[in-house]
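Let's take a walk through a protein model together. Keep the picture open and find each spot as we get to it.

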Amino acid sequence: MQNISSLYQLVQFAGCDYCIFDVGRRVVEIDKTTFEQFENGQLTYPYPIQSHAKFALVYWPMGQTENPYIWFLNLPIDEESQIVPGSRNHFVAIIQEALGSDFAQQSDEQQQLPDNPYIKLPEQNKVALVNARIKDKFKREFSSLALACLDFLQQEDKNNWQNLTVQGWADVLVQLANPKIQNLLQNEFWLLPTELQNQLIPILEHCELPRALVNISIRQLEKEQNPAQQLAILRLLAGHCEQTKVQTWLTSQIADSKPATEMLDLLLILGARCWTALKDPLLLTVYLEKIAELPANNFEALFRDAIALPSLRRPILALMQNPSALPKTRVAVSNMIKASYGTTH
């Protein structure tokens, strides 16, 4: 059997094309050049979380897009978010042993994988979003599930939504570039029942929202007093957190004298979904100092996730090199290193 040492070579040798979607943070497509450079050790993984690259590898036989296959992968990465070749090679070997090199020509039943530590199904909303983005990529017609959701948005009565499905909503909401859907959502979203809004937000946090909805939602965020609803709106704005007004709101919330443990949910959402807001130096500083007040296990998880992100690693290291910056963070990092290695050297 040919010596294959990467996932992209594996699917290409099987006569397939492929695409990649991150599913660790927000469900976004990763271009093939970036992914192949990551696999070749030339680039870091762009969206690491919990020391892993979590992504959907979607593949289909060349020219046959009717029935693509999906592997939801959970690959370990190193401290600098580079691929760990041994783990990836192990998965490739599992595929080759179980399926051979011509797996693209096999039936669905024949393509079943044996249990292994690298396949991990994400939460339902993310699975639905990956399926929806594939349908959108291949220009599929709306299913009856999606049409039911679209019809609902056009009705005056907004109470009979309980039978609408996550997959139907995902199929509709990934198509916000469509002017009709865009207008419906920005006009109707804040008029929907709160329970339905809260079911749609875990889908919409992965989408690029219409500008009008973003602006309305930012105003809602600025005036909202209920902490749970603040977090829901923040998740809704996950794809728009680099906006100055969102960064300013976050900075004021996190700089508050309230104990860090009382804002843990906010810190978790900021670190996992809204990390692009941390490109603002002031917000990054107050965030690091606030998570340093958390119990050691919480601090370590959030700090390691932040410094693993390629977009934040250099800014964090630059702040750490400034002797007058981040006093609490320095102490927390020193304690983390002592706990891990028994020394700060």
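A quick word on the ground rules. This is a predicted model, so to speak of local features we need pLDDT of at least 70, while side-chain atom pairs count only at pLDDT 80 or more, and totals for chains, interfaces and linings use all residues. Residues are numbered from 1 along each chain as its sequence is written, and side-chain values use heavy atoms, with hydrogens and water left out.

**Helices that cross**

Helices are DSSP runs of H or I with at least four residues, numbered from the N terminus. Axes are lines fitted to C-alpha atoms over the stretch in contact, and angles run from 0 to 180 degrees between N-to-C directions.

| Pair | Angle | Axes apart |
|---|---|---|
| α6 (166-173) and α8 (194-204) | about 55° | 10 Å |
| α12 (264-272) and α13 (281-291) | about 130° | 11 Å |
| α5 and α7 (179-188) | about 50° | 10 Å |

How do we name such angles? Under 35 degrees counts as roughly parallel, over 145 as roughly antiparallel, 65 to 115 as roughly perpendicular, and the rest as oblique. So α6 and α8 are oblique to each other, α12 and α13 are oblique too, and α5 and α7 are likewise oblique.

The crossing of α6 and α8 is right-handed. On the α6 side, V166, W169, A170 and L173 make the contact (heavy atoms within 4.5 Å), and α8 brings L196, L200, I203 and L204. This contact has eight nonpolar residues, with no polar and no charged ones. For these classes, Ala, Val, Leu, Ile, Met, Phe, Trp, Tyr, Cys and Pro count as nonpolar, Asp, Glu, Lys and Arg as charged, and the others, Gly among them, as polar.

α12 and α13 cross in a left-handed way. There, L267, L270 and G271 of α12 meet L283, Y287, K290 and I291 of α13. By class, that contact splits into five nonpolar, one polar and one charged residue.

α5 passes α7 in a left-handed crossing as well. L150, L153 and Q154 come from α5, and K180, I181, L184 and E188 from α7.

**The cores**

Which residues have the most contacts inside the largest nonpolar core? They are W169 and F189, in a core of 90 residues. A nonpolar core is a set of buried Ala, Val, Leu, Ile, Met, Phe, Trp, Tyr and Cys residues joined through side-chain atoms within 4.5 Å. Buried means under 20% relative accessible area, exposed over 50%, and partly exposed in between (1.4 Å probe, protein chains only).

Beyond its neighbours within four places in sequence, F189 is in contact with residues including L184, L200 and L236. A second, separate core of 29 residues includes L7, W71, I83 and L99.

**Two loop residues**

F142 sits in the loop between α4 (124-137) and α5 (144-154). Is F142 buried or partly exposed? At 23% relative accessible area, F142 is partly exposed. F142 and V172 lie 30 residues apart in sequence and 8.0 Å apart in space, C-alpha to C-alpha.

G239 is in the loop between α10 (227-236) and α11 (244-254), and is partly exposed at 24%. Leaving aside neighbours within four places in sequence, G239 is in contact with R26, E205 and E208.

Key. Left-handed = near helix turned anticlockwise from the far one by under 90°.
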